[in-house]
Amino acid sequence: MADLIKQIEKEIQGLKFKAQKENVGAVVEVGDGVARIEGLSEVQYSELLDFGQGVYGLALNLEQYSVGAVIFGDFTKVKQGTEVKTTGKILEVPVGEALVGRVIDALGQPVDGKGPVKEKTHYPVEKIAPGVITRQSVDTPLQTGIKAIDGLIPIGRGQRELIIGDRNTGKTTIAIDTIINQKDSGVICIYVAIGQKISKVTQLVAKLTEADALKNTIIVVAAASDSATMQYLAPYSGCAMGEYFMDQGKDVLIVYDDLSKHAWAYRQMSLLLRRPSGREAYPGDVFYLHSRLLERAAKLNKEHGGGSLTALPVIETQANDVSAYIPTNVISITDGQIYLETDLFYAGVRPALNVGISVSRVGGAAQTKAMKQVSGRLKLDLAQFRELQAFAQFASDLDPETRTQIERGRRITEVLKQPAYSPVPVEEQVVALWAVTNGYMDEVEVDKVREFEQKYIAQLKLREKKLLGEIASKKELDEKIIKLLEKSAKEFAESFKRVVKKGTSKNNG
Amino acid sequence: MKKSKLLRKTITKLVEASFKDGKTVESQVSRSITMLKTLPKYEAIWALTEYLKELKRKQRQHTMYIETVIPLSPIQIKKAKRMVEKKVKITKVLTAINPGILGGFKLRVGDEVWDESLLGKLNQIRKVIRN
């Protein structure tokens, strides 16, 4: 305590008082988090404004005699005539290790009741995305732990992959699964909740704590009850926090859940700021709103630390309409999309991924060799299955080859099903997908496929732990591994058949 | 209602013409008002409001406003005016007593504020301690 007082005394003694020159204005109009200020002749675009009483704002509309600004925090303290000062600063948020494991608001203030965040480093909320010189192409996979994604729509570190679908199709679940899967990978995760219910965020925090994944996650919350300005700001704040770790050479995963609500918040703000509205009443720069945010996701080259920022933006569609304004905008910005369908969800295919429409434009280059070896066949088999699916009901009239393909497709679909919040390690994914694409599950009943998979993996874990370890470390399936896999799969398929037969004969008897 | 750009430009020109050396020229002001009155009623009301608003803004830019704790002597005011006039022509000086600033003075011309008050200095110390 004495040290602290001495330090403060020293700082005060060293302080050189100077006449403070300020540029001021007065609020002439205020409402819904947006204020019109007269004066402030020297204000800059995006400059932080001081409204007094701890309330700050951001200058967004610079007009001839007035300034349109958005207010952060409690705008009820701002009245007509309130004096507003320029600060000469642009909006910054605290960044650093102290934020990891915390739940914070869009301004970096903690909301989890675990005490203040002691971070001295600040990053600007708005920043120009890394340029061509500093980037390199995506080459490292970001394992989501979801078989369908890692196998068919792989995501690379530094990629932007959109998760799109109607409400209640499991978009957030995919994002959370991915975060849970990073708990021991050293990837820092940032989850930005925009316009969501606080109860949903609380559930999510509980889920991450339960899975021990909160230790490497930052949760930025701008809930539905927060002002539109906070919801507008949240993804940029989250991104700034991610950029700090990327600049440190670390890998970061950021989830924007969801950008539809972000666009709504921006629309509200823009209409209140009296900006001219365009299609669906969104302002003209709604594309730039998302493009400048998502462009900040990058994989830096080795000279610049080699860090990466992977973005998983989420878009909620209305009645499966992907051709609406915001979805098409974000689809065109991102490097691929994971498309989730309500019909598949209710048909029990979970994750309800439509593998036909979902794509990953750059992730293939980042996929491990082992996964590439199995996914090539997997994609082909699934594509053929999709073509022939319409004929499935005439099964008895089909030629044996077509029937085999349909049956294989059904089994692959079963293997790709996965319960929520249970990501699978990549080596187990490879083994399961290898077994199904090589026909070792062809003789297993469709409803027993998942049981087969689970038991097969359990057996491999028990007896062939070395084999799984080798796949994980070598990241490819060489001849030796393939032979071992063939042997173990064949043995297990036979024993499984015997067990199933015994079970049915017992039931019949 | 969107007003024509031409009308806005005319108003700005009229305001500029109503000032000479930082002072309002009354004859020009009344002439401008008479001119604006000839416009159709809905335009005239808006134009007159805008004209008066801009006139006030312009006047503010040439008005010096000093806040102090104790009343200033005419010499002190003159000195302050002379200092400010290096940058902008001052045509009107307003003074106010504000015990809230504790000591020193606070000077305002247009949007610019020079804070030489004790309260301002205390705030600087507070900032240092907080950081």
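The pLDDT is the predictor's confidence in each residue, on a scale from 0 to 100. In this predicted model, chain B has an average pLDDT of 88, and 97% of its residues score at least 70. Within chain B, confidence is lowest in helix α5 (residues 118-130), with a mean of 83, and highest in strand β3 (residues 63-68), with a mean of 93. The model as a whole has an ipTM of 0.82 and a pTM of 0.89.

The two chains are linked by strand pairing. Strand β1 (residues 20-31) of chain A pairs with strand β6 (residues 112-117) of chain B in the antiparallel sense, over four bridges. One residue of this pairing is A:Lys21, whose bridge partner in β6(B) is B:Trp114. Strand β6(B) also pairs with strand β5 (residues 104-109) of chain B, again in the antiparallel sense, here over six bridges. In that pairing, B:Trp114 of β6(B) stands opposite B:Leu107. The strands β5(B) and β6(B) form a hairpin with two residues between them, and B:Gly110 in this hairpin takes a positive phi near 60 degrees.

Chain A contains an open sheet of eight strands with mixed pairing, in the order β8-β12-β11-β13-β14-β10-β15-β16. Strands β8 (103-105) and β16 (359-360) of chain A each have a single partner strand and therefore stand at the edges, where one side of each is left without a neighbour in the sheet. Elsewhere in the order, strands β13 (residues 251-257) and β14 (residues 308-316) of chain A run parallel and are joined by six bridges. Among the residues paired here, A:Tyr256 has A:Pro313 of β14(A) as its bridge partner.

Helices lie across this sheet. Helix α3 (residues 171-181) of chain A lies across β10, β11, β12, β13, β14 and β15 of chain A, running at about 165 degrees to β13(A). Helix α5 (residues 228-247) of chain A lies across β8, β11, β12, β13 and β14 of chain A, at about 175 degrees to β11(A).

Helix α5(A) also packs against another helix. Its axis and that of helix α6 (residues 259-272) of chain A come within 8 Å and cross at roughly 130 degrees. This angle makes α5(A) oblique to α6(A), and the crossing is left-handed. On the side of α5(A), the contact is made by A:Ala228, A:Thr229, A:Gln231, A:Tyr232 and A:Pro235; α6(A) contributes A:Lys261, A:His262, A:Ala265, A:Tyr266, A:Gln268 and A:Met269. The residues of this contact divide into six nonpolar, four polar and one charged.

Notes
Residues numbered from 1 in each chain as written. Chains lettered and ligands numbered in written order. Predicted model: local features only at pLDDT ≥ 70, side-chain atom pairs only at ≥ 80, totals over all residues. Axes fitted to C-alpha atoms, helices over the stretch in contact; angles between N-to-C directions. Parallel < 35°, antiparallel > 145°, perpendicular 65-115°, else oblique. Left-handed = near helix turned anticlockwise from the far one by under 90°. Contact = placed C-beta atoms within 7 Å. Nonpolar A, V, L, I, M, F, W, Y, C, P; charged D, E, K, R; others polar. Pairing = 2+ DSSP bridges.
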